[in-house]
Every structure is written in structure tokens, then in C-alpha cells.
Amino acid sequence: MVETERARRAGRATRARAAAALLSAAVAVSLAAACTTSRAPAPDDSRGTSRQPSATAVGPPVLAVKIDNAGAARPQTGLDAADLVYAEQVEGGLSRLMAVYATRLPQAVGPVRSARESDLELLGQFDRPVLAFSGAQGKLLPLIDRAPLDPVTPGDVSGAYFRGAGRAAPHNLYLHPHRLLPAAPGAAALTTGFHYGPAPSGGRATASRTVRYPAARFTFTWSADRAGWLVAMDGTRAAPAGGRQLAPATVVVQYVKVRPSRFHDFLGNNTPYTETVGSGKAEVLRDGRAYEVNWKRAKAADGTDFTTDDGEEVGFAEGQVWVVLAKAP
């Protein structure tokens, strides 16, 4: 008898859950496959599903989480524990965040939202990262299946996601990171190409820097007391629930090409595609100063190099890094 699609999906889900349980028990051998690549419809997208078997990573992976940045989603949870936060433009000129975790895993992260096509290129610089997201539109799911990452949506791993109280969907979906990775993989998993060390010579004293999208803005204000840049988003201070205002040690404003993609949201708005492979200009903020630099990433599997005009590597300050992907002039 021909097996039905529903039966096939159910069988794959069962195998995925069993694999996750076995891998958790064998974490001393490998953390890399502690998740599945199965997909369920996104609570905020309500589109199709797709499932394919996952390949195994060669080392412990980072955890990347797509995080809501609408006003109704703030304050977010778990951003202060991220090693790296990317800000990117989405439909309607709004913004979303991609938080990357390597050195520690918080108790919860969110609100979690849906993936975009350019996320796949952005995450190519990591060794098969785990991508936690709420779902994606149906036409994008085959691309996610073929990407060198392990995607996990609600329903893939029991108890990984939960609905928070006090907020309406879709701004109330959260993740328990320890359900996907039994332990943080460590700083060695941050294969971004970033260089940490002394600041380059020169630069200019900078008290505050604002980056604008069509319908969003980020402001970073230097705090000597915190040795970091206090973050405000759309004019509101960014402080995780119950925590202090976010203050990354380094902020990078990376000027990239932002073009229309082939995808649209359910309202018909085109989804921007942010190109992170290539080269261009950037501004690095650290220690109360701003440095005009160059960036280069030859291919998706490479990290991003930041250099001065003389070819010197640009050192980032130790601590959290924010990268704001801004449209090149």
C-alpha cells in the first residue's frame, strides 16, 4: 500500500524525536545533531511544511535564534546572553534580530519569529549552526532544507518552545535553548572571522551613533561606566526582561547591498534580501571611538574580514558584538 504523506511526516517526526533523545545522551561524543531539520507551520506564517534528514556537523554548533523586534515583542528575553546579535531589515522597512549563542545558553530566548532567505547566507559562516525559528513560507522551506544548518521549529523537539503569558501571538513564542543544545559549544564555534584585540590607530571620538531603516532605527550611546554602547531601538532603551540595558562592547555598522528577493509576506510586501557575501565599507564602534574600515567575505562559508585601508586587521573589543546590516548608500 502506498504510504500517505501524513504517515510519512509522522514517521519522520518520530525518528527525529528519537534521534534528539539519543544525541542528548551522547553529548560527550557530539553536540552537533542535537536537533532535527523537520519543520512545522509557523504560528505567524501559517504556510506549508517540509522535512528532510539532517547531515551531521563536524563540531559543536552555535545556536542562532530569529528574534522578533516589533514594539509588541519588547523587552526581549535572552539577548544579553548572546555573543553576537545581527540586525537586519525585513518587510515594510522594519527590523528583526538574529542572536547567536556560543559561550552560554540562557534559560529562555524570544520572542522567536520566522526565517528569511538571506539568513541562510548569513549563517553560512558557522559550522552547521542550529537555527531556531518559528517557521517560514512554503517556497522557502526547500532552501532551508538544503542549507548547511540544522533548523528547528515548534513541534520538532518536545518542550523546546513555549508560549509566554501577557502577550498576544505571534509575539509570545519562546525557546528553551537547553532543549536543543545540552551545553554551550564554546567560543571556538564562533567562526565569523572576527579579530579581537587592540583598536586600530586613529578613529574619531563618538558619543552616539544612530542607524536608520525605513521604519526602524538603532541608537548606540557610549557608556564609559559600562565599557559598552547602550542600545536603544526605535527610541526605547533595550533591556531584557528583568535586566540592565544592553551594552555591547563592539558595534559594527556594515554597509551591504539590500535588494528585493523573490519572496513576499502574507500582505504582499516584498522580503528584502541582505547580501553578506561580497565587500564594502563598515564602521566599527569601540571604546568610545568610531573607525571607518573595509569588510570582505569571499564566499558564504567564509567569515567576514574587517580591515583598515592599509590592510591591518581591525580588532574588536572583548564582549558582545552587534552587527547592524545597513543598506549601502
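Keep in mind that the model is predicted. The chain has 329 residues, and 54% of them are buried. Its secondary structure comes to 20 strands and three helices.

**The whole chain**
- Take the contacts between residues with a separation of 6 or more: 64% of them link residues 24 or more positions apart.

**An inside residue: Gln254**
- You'll find Gln254 in strand S14, which covers residues 250-264.
- Is Gln254 buried or exposed? Its relative accessible area is 4%, so Gln254 counts as buried, because the cut-off for buried is under 20%.
- Look past the neighbours within four places in sequence, and Gln254 is in contact with Lys281, Ala282, Trp295, Thr304, Phe306, Val323, Val324, Leu325 and Ala326.
- One of those partners, Phe306, belongs to strand S18, which runs over 305-307.

**An outside residue: Asp310**
- Asp310 sits in a loop, with strand S18 (305-307) on one side and strand S19 (315-316) on the other.
- Asp310 has 74% relative accessibility, so it counts as exposed, because the cut-off for exposed is over 50%.

**Side by side**
- Gln254 is buried at 4%, whereas Asp310 is exposed at 74%.

Technical notes. Residues are numbered from 1 along each chain as its sequence is written. This is a predicted model: local features need pLDDT of at least 70, side-chain atom pairs count only at pLDDT 80 or more; totals for chains, interfaces and linings use all residues. Side-chain values use heavy atoms; hydrogens and water are left out. Helices (H or I, at least four residues) and strands (E, at least two) are DSSP runs, numbered from the N terminus. Buried means under 20% relative accessible area, exposed over 50%, partly exposed in between (1.4 Å probe, protein chains only). Contact means heavy atoms within 4.5 Å.
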